Amino acid sequence: MRYRLSAVKCAERFGIRRAAANCHASPASIYRWRKAYIESNGDIRALGSKSRRPKFHPNSHTQEEIKLIRDMRRRNPNLGLQDLWIRLRERDYTRTQSALLKVLKRLEIPTNPKFKTSPTYKKNKPYESMSYPGERVQIDVKYVPKECLSPEFIAKYQSTKLYQYTAIDEYSRYRILCGYREHSTYSSSLFLCNVVSSFRTLGVDVKCVQTDNGAEFTKGFIANSKNNHSMFEVTANRLNIRLKRIKPHTPRHNGKVERSHREDQKLFYSEIIRLNRLITDEESFKRRLKRHQDRTNNRPMRPLNYLSPKQYLKQYLKQYCVKNINKLKE
């Protein structure tokens, strides 16, 4: 800006041609600088370089694509960036995920929420990776929010308690969900039998089950005798399944099932409250939970290379069968 101002001052004193020769600038540039300097009433900032960013690009988002993004976000306010991008792709959206993030920021549409790290945050050790399906399955219980229960449900059962049991395979992320009105070792043993039979229909044998230290799984903290086992532990022993309990007060060790519960809260229970489709009885809740289970098992995931848990499990079983056939041929 100071260089251009000196060229303007030189032109006022000696003329345009001599200023162009002395300052090594074209006469057209000096005319342009002089005009901008006079129109700004002698403000040197008017001589600064202007943005060369194009006002239009042929590959920019069209109005139809922007309308599709706005409508999808309005109908699904709780979806994260990845799920939003996948649903848009199902509706012929051809842009990349990073391009979607840029246009969301430009339109000031919220993306994934950001969480401030706690000052006492301690980095955890990486998870032990599993090598085959069924090697370890995490099981936990989630309390169904009271806001999801209708007055008919409360009047029918005289209770506001409803629980979701969740089992997730650590290798394939395949989940089994079921709802119960009881939070006991009996319900836990029934769910364990359901999990084992469901995985066996898929060709997977459950070898180990990991749980927390809740009273619905173990009597380790309330029994006087070490041999006083809960019904859940007896059922696991009868099914020849090894039980593993995490360290007390460390839910992060059951991180996969805890994270899946957070997704259930965002994609299932929050939608029940938002759309006012409350739960009326236990059987309808189990049917709706089964549909939600099928949706999540068919939902692509980044840790699985954007395959769904169902596809990832089928891929492993197919490769496993091919290996066994080749071994038999040898």
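The exercises below concern the nonpolar core and selected salt bridges of a predicted model.

Residues are numbered from 1 along each chain as its sequence is written, and side-chain values use heavy atoms, with hydrogens and water left out. Because the model is predicted, local features need pLDDT of at least 70 and side-chain atom pairs count only at pLDDT 80 or more, while totals for chains, interfaces and linings use all residues.

**Exercise 1.** Determine which residues of the largest nonpolar core touch the most other members, and which element supplies its largest share.

*Solution.* A nonpolar core is a set of buried Ala, Val, Leu, Ile, Met, Phe, Trp, Tyr and Cys residues joined through side-chain atoms within 4.5 Å, where buried means under 20% relative accessible area, exposed over 50%, and partly exposed in between (1.4 Å probe, protein chains only). Among the 23 residues of the largest core, Ile-139, Phe-191 and Leu-192 touch the most other members. The largest share, 5 residues, comes from helix 8, which spans residues 185-201; helices here are DSSP runs of H or I with at least four residues, numbered from the N terminus.

**Exercise 2.** Describe the salt bridge between Glu-263 and Arg-299 and the setting of each partner.

*Solution.* A salt bridge places a side-chain nitrogen of Lys or Arg within 4 Å of a carboxyl oxygen of Asp or Glu, and the side chains of Glu-263 and Arg-299 meet at 3.4 Å, N to O. The pair links distant parts of the chain, 36 residues apart, with Glu-263 in helix 10 (residues 255-275) and Arg-299 in the loop between helix 11 (282-297) and helix 12 (309-329). Glu-263 is buried because its relative accessible area is 10%, whereas Arg-299, at 23%, is partly exposed. Both belong to a salt-bridge network that also includes Asp-83, Arg-259 and Lys-266.

Methods
Helices (H or I, at least four residues) and strands (E, at least two) are DSSP runs, numbered from the N terminus.
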